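Please keep the sequence and the structure in view while reading.

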Amino acid sequence: MISPHDDRTAGQLAEAERLKLEARHDEALVILEGILADDPKNVTALEEVADNELSLERFDRALAAAEQVLRLDPKSCEGHYILGFIASHEERWPEAVLSLREANRIDPNNPEILRCLGWALFSGGNEPEGVVTLERALNLEEHNPLTLCDLGVVYLQLREFTKAKALFHRALDLDPENIRVKECLEVTERMENESNKRVSE
């Protein structure tokens with residue numbers, strides 16, 4: 001039987017999740033910190049704190065929350081994912097791969113985990129597995145502009161311009177105002193033109 005306290009906490013967590021999805025992260029954090037004041041070992045609330053801090057790019061705070069989560073629950077997928085995401089952001093590729101592989105082991109076929117893992121693998125020098133992992137992420141969530149863009153950048157680095165352009169165009173169809181995608185497409189076209197010019201010479 002659920003106690004009224006548990007019921008109230010569940011409602012507060014649901015409200016914090018709604019605010020997070022609306023990108024109202026500071027408001028979500030106020031609710032989550034209230035939960036943790038009553039129950040400092042509430043893993044779900046700590047995971048949500050870490051996720052909101054990550055969205056606000058407050059990486060130190062996200063890292064501290066994720067580390068606390070993993071002390072309480074070493075099998076927290078969210079905890080490992082956040083450690084991996086931050087390590088990747090700081091270009092610590094071996095650590096990123098280790099944490100993201102663990103997150104993927106706990107929650108296989110999660111497209112966001114696979115996207116980050118694929119990027120970390122590729123950037124860390126394991127190009128074939130990185131490409132395959134990003135392709136898997138895209139197969140699971142084919143309308144994700146982030147995955148399309150990451151995979152496009154990977155193919156650009158491999159100088160597979162046709163594939164890169166196709167991916168960037170798909171990303172722009174989904175998110176026409178995305179400046180990063182527009183810049184990537186311009187770079188691809190410039191590099192392709194330079195490459196074609198060299199071949200014709």
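## Terms and model

In the residue classes used here, Ala, Val, Leu, Ile, Met, Phe, Trp, Tyr, Cys and Pro count as nonpolar, Asp, Glu, Lys and Arg as charged, and the others, Gly among them, as polar. This is a predicted model, in which local features need pLDDT of at least 70 and side-chain atom pairs count only at pLDDT 80 or more, while totals for chains, interfaces and linings use all residues. Residues are numbered from 1 along each chain as its sequence is written, and side-chain values use heavy atoms, with hydrogens and water left out.

## Helix 9

Because 10 of the 13 residues of helix 9 are buried, this helix is largely enclosed by the rest of the structure; buried means under 20% relative accessible area, with a 1.4 Å probe and protein chains only. Among the buried residues are T147, C149 and D150. Helices are DSSP runs of H or I with at least four residues, numbered from the N terminus. Just after helix 9, R159 takes a positive phi of about 60 degrees.

## Two pockets

A pocket is an open set of points on a 1 Å grid over the protein atoms alone, where a 1.4 Å probe fits and protein lies on both sides within 12 Å along at least five of seven lines; lining residues have an atom within 4 Å of a point. The lining of the largest pocket includes L146, D150 and R180, and helix 7 gives the most to this lining, with 4 residues.

The second largest pocket is lined by residues including D51, Y81 and E112, and its lining divides into 4 nonpolar, 2 polar and 3 charged residues.

Terms used:
Buried means under 20% relative accessible area, exposed over 50%, partly exposed in between (1.4 Å probe, protein chains only). Helices (H or I, at least four residues) and strands (E, at least two) are DSSP runs, numbered from the N terminus.
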